[in-house]
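Keep the structure open while you read.

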Amino acid sequence: MEEYQAFIQKVHSKTGLDLSLYKEAQMKRRLTSLRNKRGGFRTFDHYFDAINKDQTLLQEFLDKVTINVSEFYRNPSRWSVLEKEIFPKLKAKKDKIKIWSAACSTGEEPYTLAIIASKFWQTTEVDILATDIDDNVIARAKQGIYNERAVQDVPEEMKERHFIQQGNTYKVKEYIKQCITYKKHNLLADKYPTNMDLIVCRNVLIYFTEEAKNSIYHHFSKSLADDGVFFVGSTEQIFRPEKFDLRVMDTFFYTRK
């Protein structure tokens, strides 16, 4: 068996993370760079032995393979569509709203969702499930503290209303944090929640194989309420949404057929 394949099997056994469902060339290149940087391990066998014994190295490895790139209002034009087109349609049907922010990283996305949703519903009527596979980023998300760069696209009025500025950092106010429940979740292995009015999963699926993406899209479709909406990233347009019982609402927005 080729060394990298043996490595990903061992990782799967240890962590439950199936790296075979990620695009191999990208993942292998990322991990080779990390392996060589951290102690110059000559082989993946040596590297696995190290992460198997050293919790710090293991956590660094998991941080590297779970893609954590996020900021508030990432791709602002898409958030504008959510605010001006999607949420008004949902508000007309829903007294309360259930949202799932999947692969939420360090929390910028679910907090953005809560802030925009609070324009349409009372915060007590906004129920956001935010999930990620990485315990570290979930812990950071729960803190709700961000640097200036992370909030650079947040409108000033909303920054003043929903954040507390502390020097060069911004802390999300408690009533926004209370809209959100954080949980660990593996999109490739764990059971999906159901009856969601809005599912947001952006700029994550580009790292998966086509087979894995198709499986995830089917699961997301089944997780939606009958009139629920699925919001994907700007590199993740679904070209045959009917395969997943979805239809286009707007660019990067889909609903159940």
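Asp45 and Lys10 form a salt bridge, with their closest N and O atoms 3.4 Å apart. The model is predicted. Asp45 belongs to helix H3 (residues 44-53) and Lys10 to helix H1 (residues 3-15), so this pair ties together parts that are 35 residues apart in sequence. Asp45 is partly exposed, because its relative accessibility is 32%. Lys10 is also partly exposed, with a relative accessible area of 32%.

Lys119 and Glu83 make another salt bridge. Here the closest N and O atoms are 2.7 Å apart. The pair links distant parts of the chain, 36 residues apart. Lys119 sits in the loop between helix H6 (108-117) and strand S2 (126-132), while Glu83 is in helix H5 (residues 76-93). Lys119 has a relative accessible area of 43%, so the residue counts as partly exposed.

Asp227 lies in strand S8 (residues 224-232) and Lys93 in helix H5, so the pair ties together parts that are 134 residues apart in sequence. Lys93 counts as exposed at 57%, because the cut-off for exposed is over 50%.

| Salt bridge | Closest N and O atoms |
|---|---|
| Asp45 and Lys10 | 3.4 Å |
| Lys119 and Glu83 | 2.7 Å |

Three strands form an open sheet, in the order S3-S5-S4. Their pairing is antiparallel. Which strands are at the edges? They are strand S3 (145-147) and strand S4 (163-166), and each pairs on one side only. Neighbouring strands of this sheet are turned by 30° against each other on average, direction ignored.

Strands of a sheet pair through backbone hydrogen bonds. S4 pairs with strand S5 (residues 169-172) over four bridges, in the antiparallel sense. Within S5, Thr169 is the bridge partner of Gln166.

Definitions and conventions
Residues are numbered from 1 along each chain as its sequence is written. This is a predicted model: local features need pLDDT of at least 70, side-chain atom pairs count only at pLDDT 80 or more; totals for chains, interfaces and linings use all residues. Side-chain values use heavy atoms; hydrogens and water are left out. Two strands pair if DSSP finds at least two bridges between them. Helices (H or I, at least four residues) and strands (E, at least two) are DSSP runs, numbered from the N terminus. Axes are lines fitted to C-alpha atoms, for helices over the stretch in contact, and angles run from 0 to 180 degrees between N-to-C directions. A salt bridge is a side-chain nitrogen of Lys or Arg within 4 Å of a carboxyl oxygen of Asp or Glu. Buried means under 20% relative accessible area, exposed over 50%, partly exposed in between (1.4 Å probe, protein chains only).
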